Amino acid sequence: ASDVYKRQQNNDGIYFLGESSTDVTGSQYLVQFGGKKILLECGLYQSKSNSYLDSYKINSKKFGFKPSEIDYLFVAHPHVDHCGLIPRLVAQGFNGKIITTPNTAAVMKSLLFNCAFIVADEARILSKRYSRNYSPIYSEDDVSKTLQLIKPYSEYGVVFQLDDVVSFQWIPNSHCVGAAQLQLILSDGLKTKKILYTSDLGALNTKNHYVRNTEIPAMFNDVAIMESTYGSREKVNKKTRDFDVEHLRVAVNTVLERKGTLLLPCFSFSRTQELLTVLYLIFGCDDSFKADVVVDSKLSCEISDLYETILKGEDLELWMKVRNWKNVVFLSEKEESKMCQNDTTPKIVLSSSGFCTNGRIVNYLQKFLPDPNSMVVFSGYVGDNPSYLSYRIKNYKDYKKLTINKMPVVNRADCISLSTFSSHANRDDLIKFGSSLNTNKLILVHGSEESKKSLSESLRKEISKNDKTFRVLCSNKGMKISL
C-alpha cells in the first residue's frame, strides 16, 4: 500500500496544459492529488489573427488527459476562453461535476449555445475554403449534456466539502457578474495542500456596476496561480472613470449634434450592460435627450433579459431602470438589424463583438466608418497588432483604407478609447494583489511572455519590500508544479 501511495504522490501536482500558459486565451490546468483529477477551467482558444484554421487546429487537439477520468471541473467565470471548450470535453467522455457559481451557470447557458453556433459556422467556412470536411468541434447536443453536469455553489467565503479529498471556497472577484476566485483545499489524510486560482481578476476597487470588489485573500495557500493580462508596463492606466464618463458624454453630444452615429463595439456579456447603465446614468433623466440607444445583438439581448433574473436588491432596481429606459431599443432579429444599419437617423449603437472580429458590429462599421460625422468608441482591449480590425480602426492615421466583408472601406469616422471600462485588474492592482498574498509559490499565467516577465520583476521587488520571500514563476506549456 505504501508503494501505491508513493506512486500516487509522484503524480500529485498542477499541470499547465492550456494555451493560457503562454497566451491570454484557452485556460486549462489539471490538478492531481490523492487519486483525484480536477480541471481548473477548460477554455476555447481564440486566435489573435482571427484565423479560423489556427483556432480549429488547437481546439480540436487531443486533451492531455483522459476526459472520463476527471472528477471535478471548476469554472470561475463564464467567458468562453475559460469555459468554451467544455462541451468538447463532454463529447470526449467527461461526466464529472462542473462546479461554478449560480450566476456563472446561468450566463454559461447562453454563451455556450452561442458558441456552438459559432464553431459550426467556422467549420462550414473552413470546409468551403479548403474543399475538405471540417466537423464542428462540438454540437448543441454536447452543450445540453454539459449543462446537465453543472452543480452551482453560491456563497462566497464558505468552505464546501465535495468528498474526502476535495474541498473549496469562492472568493469575491469583480471581473464580471458571477465571477469568483477559487481556493482549492486538498487532503489525502497525511498532507493537506491549498491552491489559489484567481481566474481573470477584476479591479480591487471597481467602478463597474453589479459586481463586488475583488478581495485579496488573507489565508495561506501553498501555490497561487494568478492572471497577468495587463502585466506589462505599457498597460498602466492613469485615467479615472469620471474622466471616461465625461469623455463619453461629450462624444455622444458631439456626434448627435453632427447628426452622425456613435458605434460602441462591446462584448455581449457584462460590457454591454455596463455601458448601457453608464449611458442611462448620464442621459436617463435628461428629457431633451431624444436619440435611440440601440442594443443590436441576439446574445446581448438574451443576457440583458437574464440580468433581470440573476441580479438582486439595489443592483436589480438599477438594472430595471436601465432596461425600461424609453430611449433603449433591443434588436434580436437579423431583419431588424439590417433596417437599423440602413437608417441614418442619429443614434447610439452597442453591438458585438468587442474586437470587431465578427457579429453585427462589422456591418455597422462597414456602413458608418466612411462617415466623418460618426464615431467609434472602444471601451477595452483592442488588440496589440494590425491583425485586429479594432487595432486598425483605432490607429486610423496609419490605416486610412480598410477591408471589411471583402469590400474596401475608407476609415474616416472619429475614434476614441475609454480605458477604465476594462473588466481586468490593471498592472498596479496585479502588483498589489500578488505581493500581498500569503503563499510559497506564485505562478503567473494568462499573459504574454512580455507581460509575465515585466510583472514578475515588479512583483519580486514588491514582495521583498513587504518582507516576504515566496517565489514568482512564469508559466510555460507543459510545466508541472509538484504538490
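This report walks through some helix packing and backbone details of the structure above.

The model is predicted, so local features need pLDDT of at least 70 and side-chain atom pairs count only at pLDDT 80 or more, while totals for chains, interfaces and linings use all residues. Residues are numbered from 1 along each chain as its sequence is written, and side-chain values use heavy atoms, with hydrogens and water left out. Helices (H or I, at least four residues) and strands (E, at least two) are DSSP runs numbered from the N terminus.

Let us begin with H15, which covers residues 449-465. Its 17 residues reach 25 Å from the first C-alpha to the last, close to the 24 Å expected at 1.5 Å a residue; the expected span is 1.5 Å times one less than the number of residues. Buried here means under 20% relative accessible area, exposed means over 50%, and partly exposed lies in between (1.4 Å probe, protein chains only). The buried residues of H15 include Ser451, Lys452, Leu455 and Ile463. As a set, the buried residues of H15 pack against strands S11 (220-227), S20 (438-445) and S21 (471-474) and against helix H14 (427-436). Just beyond the helix, Asp467 adopts a positive phi of about 60°.

Helix H8 (residues 271-283) has 13 residues that should span 18 Å, and its end C-alpha atoms are 18 Å apart, which agrees. Because 11 of the 13 residues of H8 are buried, this helix is largely enclosed by the rest of the structure. Among those buried residues are Arg271, Glu274, Leu276, Tyr280 and Phe283.

## Two helix pairs

Axes are lines fitted to C-alpha atoms, for helices over the stretch in contact, and angles run from 0 to 180 degrees between N-to-C directions. Angles under 35 degrees count as roughly parallel, over 145 as roughly antiparallel, 65 to 115 as roughly perpendicular and the rest as oblique.

| Helix pair | Angle | Axis separation |
|---|---|---|
| H11 (334-342) and H12 (361-368) | about 20° | 10 Å |
| H14 and H15 | about 50° | 9 Å |

The angle between H11 and H12 is about 20°, which makes H11 roughly parallel to H12. Contact means heavy atoms within 4.5 Å, and here it involves Ser337, Cys340, Gln341 and Asn342 of H11 with Asn363, Tyr364, Lys367 and Phe368 of H12. Sorted by class, this contact has 3 nonpolar, 4 polar and 1 charged residues. Ala, Val, Leu, Ile, Met, Phe, Trp, Tyr, Cys and Pro count as nonpolar, Asp, Glu, Lys and Arg as charged, and the others, Gly among them, as polar.

H14 and H15 are oblique to each other, and H14 passes H15 in a right-handed crossing. On the H14 side, Arg427, Leu430, Ile431, Gly434 and Ser435 meet Ser454, Leu455, Ser458, Leu459, Glu462 and Ile463 in H15. The class count for this contact is 5 nonpolar, 4 polar and 2 charged residues.

## Backbone details in loops

Ser131 has a positive phi of about 50° although it is not a glycine. Ser131 sits in the loop between H5 (102-130) and H6 (140-148) and is exposed, with a relative accessible area of 69%.

Tyr210, also not a glycine, has a positive phi of about 70°. Tyr210 belongs to the loop between strand S10 (192-197) and S11, and counts as buried at 7% relative accessibility.

Finally, Ser352 and Ser353 are joined by a cis peptide bond with omega of about 10°. Ser353 lies in the loop between strand S15 (347-351) and H12.

Terms used
A crossing is left-handed if the near helix is turned anticlockwise from the far one by less than a right angle, and right-handed if clockwise.
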